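This report covers a ligand shell, a nonpolar core, a helix and a loop residue.

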Amino acid sequence: MNIVLGISGGIAAYKAPEIVRALVKRGHTVRCVLTSAATRLVTAEALAAVSRQPVFTSAWTTDGSMPHIDLARWADLVVVAPATADVLARFALGMADDLLTTMFLALEPAKRVLLVPAMNTVMWHKAVVQSHVATLRAGGAQILAPVEGSLACGEQGVGAMVEPETIAGTVG
Ligand SMILES: Cc1cc2nc3c(=O)[nH]c(=O)nc-3n(C[C@H](O)[C@H](O)[C@H](O)COP(=O)(O)O)c2cc1C
């Protein structure tokens, strides 16, 4: 399958190269799209090296291509891992203010979407976050909910991203 892996700016972004490797091992072709925040947490160069595919960090080009449309057409499946509270909100509200959100909006409704949220426990349990998750689920997205773990913020609780192998196993 052609898979776009969207990576937003959660600390679990450091695990994104492992997700790419697990998907490639299963025979998939993976192209990564990073939000601006994600580029602070994982490098485009590492992702390009493990995917052996171009990596996208901006909607703006000078070669006449339109990555938000091209990637939306190319993808059989879009996985977003980690999905921040911010990106869930922007997806749910139909915002299109960067490459990842614009591509998400440009996806044909029949395309499969797998969202893998990860965040601080208090953030995850906020009603507004749960309402965005419910909106996205109602729109057809599959949600791989965060699990209990020791979080980067020092708390123990629900909010940790599921492991890369679990994500790849869910993709199939
Ligand atoms: C070190 C660090 C770690 C963060 N981890 C998370 C996280 O795990 N989940 C989350 O929802 N936001 C997290 N944030 C906040 C997001 O980076 C912030 O909301 C950002 O605007 C997200 O942008 P994006 O959704 O475009 O990637 C973190 C911020 C910092 C500075």
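The model is predicted: local features need pLDDT of at least 70, side-chain atom pairs count only at pLDDT 80 or more, and totals for chains, interfaces and linings use all residues. Residues are numbered from 1 along each chain as its sequence is written.

The ligand is surrounded by 15 residues, the closest being Ser-8, Gly-9, Gly-10, Thr-35 and Thr-84; a residue counts if its C-beta atom, placed from the backbone, lies within 6 Å of the molecule. Helix H4 gives the most to this shell, with three residues.

The largest nonpolar core has 53 residues, and Leu-5, Cys-32, Ala-81 and Val-116 have the most contacts inside it. Such a core is a set of buried Ala, Val, Leu, Ile, Met, Phe, Trp, Tyr and Cys residues joined through C-beta atoms within 7 Å. Buried means 20 or more other C-beta atoms within 10 Å of a residue's own, exposed 12 or fewer, and partly exposed in between, with C-beta atoms placed from the backbone.

In helix H3 (residues 67-74), Pro-67, His-68 and Leu-71 are buried. Seen down the axis of H3, the buried residues fall within an arc of 100 degrees, so they line one face; the arc is that of the directions from the helix axis to the C-beta atoms. They pack against these elements:

| Element | Residues |
|---|---|
| strand E1 | 2-7 |
| strand E2 | 29-34 |
| strand E3 | 55-56 |
| helix H5 | 99-105 |

Packing here is contact, with C-beta atoms, placed from the backbone, within 7 Å. Helices (H or I, at least four residues) and strands (E, at least two) are DSSP runs, numbered from the N terminus.

Glu-163 lies in the loop between strand E8 and helix H8. Glu-163 is partly exposed, because 15 other C-beta atoms lie within 10 Å.

Key:
Contact = placed C-beta atoms within 7 Å.
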